[in-house]
Amino acid sequence: MVRGLYTAYTGMLNQQYRMDTITNNLANSATTGYKKEGATSQSFDELMITKLRDSSEGFWDRRIGQTTLGVKIGENFTDYTQGSLKTTDNTLDVALAGDGFFEISFKNKAGVESLKYTRDGSFALTKDGWLVTKDGDFVQGIGGNIQLDTQAEVRIDTTGRIFENGEVVDQIKVVDFEDYNYLRKYGENMYDPVEGATQKQADAVLRQGYLEQSNVNVISEMVELITIARAYEANQKFIQTADDTLSKDVTLGAL
């Protein structure tokens, strides 16, 4: 009975973790270029259970079989499937159709600069003409930070080349990676490559005047949320039932 309490507890803990993942997806369902996350579950290693000396068995030990002690939290994974493209008619909005990421020069609060990667192409120009993200980080081109003429007419073709008044002035850098398992979410809708990440040529096509929407399906996530809530409640009710049974045993044993 006590072991059942711990098993139900692991079930509740796992469902809570899954619920946190789903609610984070729902919170980012309107975030440009967001890729939804999923949570996996694993069972604890099976153990051999033996019935120890018991008067009902003539004081002989007997093997009962194998059992597991419940469920444990597995790994999170990211679904990198393409989100739908939404037209904005904004000259500096750029969407990626296909695999790849924009390269961003990011500066943290400590002033340390590093390269991050994102699918969010909602860009803007500073008063000095620097092409930046909505958070003010520099978008990278072939030669580094991209500076444009704030008065010129800007056109971006499908390869990322930037034209000002018909002349090529730079090209938005788009990169891809051999294995997305070597990417981790950094925050602020960006990814950070970890040791072992290998870049490759991106095959994405750039679409000016569009933004990639989140790939979160709100209806599917809500259905999954209801399933998780019911599983959590089932484990909770088992714990309450077991607790009531143990309380009665203790009361009867005291008589």
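Here are some questions and answers on how this predicted model is described.

Q: What makes a stretch count as one of the helices or strands in the protein chain?
A: Helices are DSSP runs of H or I with at least four residues, strands are runs of E with at least two, and both are numbered from the N terminus. By that rule, the protein chain has two helices and 21 strands.

Q: How many of the residues in the protein chain count as buried, and what does that take?
A: Buried means under 20% relative accessible area (exposed is over 50%, partly exposed in between; 1.4 Å probe, protein chains only).

Q: What makes a group of residues a nonpolar core?
A: The members must be buried Ala, Val, Leu, Ile, Met, Phe, Trp, Tyr or Cys residues joined through side-chain atoms within 4.5 Å. The largest such set has 20 residues, and Phe102, Ile172, Val174 and Leu206 touch the most other members. Strands β6 (94-97), β7 (101-107) and β13 (154-156) each supply at least two residues of this core, with β7 giving the largest share, three. A second, separate core has seven residues, including Tyr80, Phe101, Tyr117 and Tyr191.

Q: Which residues is isoleucine 172 in contact with, leaving aside its neighbours within four places in sequence?
A: Contact means heavy atoms within 4.5 Å. Among the partners of isoleucine 172 are Val94, Phe102, Leu131, Ile156 and Leu206.

Q: Why are β14 and β15 said to pair?
A: Two strands pair if DSSP finds at least two bridges between them. β14 (residues 161-164) and β15 (residues 167-171) have four bridges, so they pair, in the antiparallel sense. Across the pair, phenylalanine 163 stands opposite valine 168, and arginine 161 faces glutamine 171. The two strands form a hairpin with two residues between them, and asparagine 165 in the turn has a positive phi of about 50°.

Q: Why are β13 and β15 called edge strands?
A: The open sheet runs β13-β14-β15 with antiparallel pairing, and β13 and β15 each pair on one side only.

Technical notes
Residues are numbered from 1 along each chain as its sequence is written. This is a predicted model: local features need pLDDT of at least 70, side-chain atom pairs count only at pLDDT 80 or more; totals for chains, interfaces and linings use all residues. Side-chain values use heavy atoms; hydrogens and water are left out.
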